[in-house]
Amino acid sequence: MAEETPNTTADQNAPQPSLHIVGQYIKDLSFENPNAPASLAPGAAPQIGISINVSAQKQDEKIYAVELTINAKAERDDNVLFNVELVYGGLFDIQNFPENQMHPLVMIECPRLIFPFARQILSSITQNGGFPPLLMEPVDFSAIYRQNLEAAAAKIKEGEEPTVN
């Protein structure tokens, strides 16, 4: 009885999936310190609110632009200490991934790759603005992705047009 061996030659010759960062950029950066110099006076620890949004746009057949929009606002006693908005993006060359893996790849893995750079910019800009550096915790982009999918599913139930950024 002859034993069959799987044909792995076809698998070896198939193009391998690849993900490469082509470039990174700051699209928008705004730092406001509306109550300076009074905002720099010592006081109680401020309340800091941070929001993150991910968006992506296909540029051509294999290039995707993925952007993180990060807003950080620090307040103390109803006074704004600082307000930062950063839109930081990356261009990604993505090839040979199955179509069903593209959306999670673009919306989870690409932001994960550029987040440390955006985090460093926020840290530097707040420090340069006269405050201690804003040190953001790592972000679970998978959780953000799931939340966006759940929100889109809820919109479908309500009869609205869904959008998943």
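How many residues does the hairpin that joins E2 to E3 run through? The hairpin passes through 4 residues. The views below are all taken from a predicted model.

**View 1. The open sheet and its strand order.** Four strands make up an open sheet, arranged E1-E4-E3-E2 with antiparallel pairing. Strand E1 (18-32) and strand E2 (47-58) are the edge strands. Each of these has a single partner strand, so one side of E1 and one side of E2 have no neighbour in the sheet. From one strand to the next, the twist averages 15°.

**View 2. Pairing of E1 with E4.** E1 and E4 run antiparallel and are joined by 13 bridges.

**View 3. Pairing of E2 with E3.** Antiparallel pairing between E2 and E3 extends over 12 bridges. Gln47 has Glu75 in E3 as its bridge partner. The hairpin of 4 residues that joins E2 to E3 belongs to this view as well.

**View 4. The salt bridge between Lys27 and Glu67.** Side chains of opposite charge can pair when their charged atoms come close. Here the side chains of Lys27 and Glu67 form a salt bridge, with 3.4 Å from N to O. The pair links distant parts of the chain, with Lys27 in strand E1 and Glu67 in strand E3, 40 residues apart. In total, the structure holds 3 salt bridges.

**View 5. The largest pocket.** The largest pocket holds about 190 Å³ of space. Its lining consists of 14 residues. Nearest the centre of the pocket lie Pro46, Leu81, Phe82, Phe131 and Pro132. Strand E3 (63-76) and strand E4 (79-95) are the elements that give two or more residues to this lining.

View 6. Sorted by type, the residues that line the largest pocket comprise 11 nonpolar, 2 polar and 1 charged.

Key. Residues are numbered from 1 along each chain as its sequence is written. This is a predicted model: local features need pLDDT of at least 70, side-chain atom pairs count only at pLDDT 80 or more; totals for chains, interfaces and linings use all residues. Side-chain values use heavy atoms; hydrogens and water are left out. On a 1 Å grid over the protein atoms alone, a cavity is a set of points where a 1.4 Å probe fits but cannot get out, and a pocket is an open set with protein on both sides within 12 Å along at least five of seven lines; lining residues have an atom within 4 Å of a point. Grid points are joined across faces, edges and corners, and a volume is the space filled by probe spheres set on the points. Ala, Val, Leu, Ile, Met, Phe, Trp, Tyr, Cys and Pro count as nonpolar, Asp, Glu, Lys and Arg as charged, and the others, Gly among them, as polar. Two strands pair if DSSP finds at least two bridges between them. Axes are lines fitted to C-alpha atoms, for helices over the stretch in contact, and angles run from 0 to 180 degrees between N-to-C directions. A salt bridge is a side-chain nitrogen of Lys or Arg within 4 Å of a carboxyl oxygen of Asp or Glu.
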